Amino acid sequence: MDDGEGEGFAAFILRCMNKGTDVLVSIITVSFNSEKTIEQTILSVLGQTYPRIEYIIIDGGSTDGTLDIIDRYKALADNDKTIVHLLH
């Protein structure tokens, strides 16, 4: 991602943090029958140290254990990293 000045997304966030800007970062994961990979994805997002993350998971109607995993982490998520699950 580029903010128009040639820097990457991570550099942009660091620059905002250094200026005291309270930027909300939204991370969106789209899933469908992702039982084998969704947990690793969720853990990666929850492991981020940036304090203002909104995490949105959009599921396409999974029929495997994906929804159970999402629901488990939704209950464990702290207020700083809200997990919003939308079923399509």
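A polar atom of the Asp64 side chain lies 3.1 Å from the backbone nitrogen of Glu35. That pair is a polar contact if it meets these terms: N or O atoms within 3.5 Å, where, within protein, one must be able to donate a hydrogen and the other to accept it, and residues adjacent in sequence count only if both atoms are side-chain atoms. The model is predicted, so local features need pLDDT of at least 70 and side-chain atom pairs count only at pLDDT 80 or more, while totals for chains, interfaces and linings use all residues. Residues are numbered from 1 along each chain as its sequence is written, and side-chain values use heavy atoms, with hydrogens and water left out.

**The chain as a whole**

- The protein chain holds three helices and three strands, where helices (H or I, at least four residues) and strands (E, at least two) are DSSP runs numbered from the N terminus.
- Read from the N terminus, the order of elements in the protein chain is α-β-α-β-α-β.
- Of the 88 residues in the protein chain, 30% are buried; buried means under 20% relative accessible area, exposed means over 50%, and partly exposed is in between (1.4 Å probe, protein chains only).
- Taking contacts in the protein chain between residues at least 6 apart in sequence, 74% join residues at least 24 apart; contact means heavy atoms within 4.5 Å.

- Asp64 sits in the loop between β2 (53–59) and α3 (66–76), and its relative accessibility of 27% makes it partly exposed.
- Leaving aside neighbours within four places in sequence, Asp64 is in contact with Asn33, Ser34 and Glu35.
- Asn33 belongs to the loop between β1 and α2 (38–46), and its C-alpha is 5.5 Å from that of Asp64, although the two are 31 residues apart in sequence.
- Asn33 is partly exposed, at a relative accessible area of 32%.
- The phi angle of Asn33 is near 50°, a positive value in a residue other than glycine.
- Ser34 is also placed in the loop between β1 and α2, but Ser34 counts as buried because its relative accessibility is 15%.
- Beyond four places in sequence, Ser34 is in contact with Ser62, Asp64 and Thr66.

**Strand β1**

- Thr29 is part of strand β1 (residues 25–31) and counts as buried because its relative accessibility is 13%.
- The side chains of Thr29 and Tyr55 are joined by a polar contact of 2.7 Å.
- Not counting residues up to four places away in sequence, Thr29 touches Ile38, Thr41, Tyr55, Ile56, Ile57 and Ile58.
- Ser31 is found in strand β1 as well, and Ser31 is buried, with a relative accessible area of 4%.
- Ser31 and Asp59 are 28 residues apart in sequence, yet their C-alpha atoms are 4.7 Å apart in space.
- Residues touched by Ser31, not counting those up to four places away in sequence, include Asp59, Gly60, Ser62, Thr66 and Ile70.

**Helix α2**

- Ile42 has its place in helix α2 and counts as buried, at 0% relative accessibility.
- Along the chain, Ile42 and Ile69 are 27 residues apart, and 9.2 Å separates their C-alpha atoms.

**The largest pocket**

- The volume of the largest pocket is about 190 Å³; grid points are joined across faces, edges and corners, and a volume is the space filled by probe spheres set on the points.
- A pocket is an open set of points, on a 1 Å grid over the protein atoms alone, where a 1.4 Å probe fits, with protein on both sides within 12 Å along at least five of seven lines, and lining residues have an atom within 4 Å of a point.
- The lining of the largest pocket consists of Phe9, Ala10, Ile13, Leu14, Val25, Ile27, Gln48, Thr49, Tyr50 and Ile53.
- The elements that give two or more residues to this lining are α1 (9–18) and β1, and α1 gives the most, with four residues.
- By class, the lining has eight nonpolar, two polar and no charged residues; Ala, Val, Leu, Ile, Met, Phe, Trp, Tyr, Cys and Pro count as nonpolar, Asp, Glu, Lys and Arg as charged, and the others, Gly among them, as polar.
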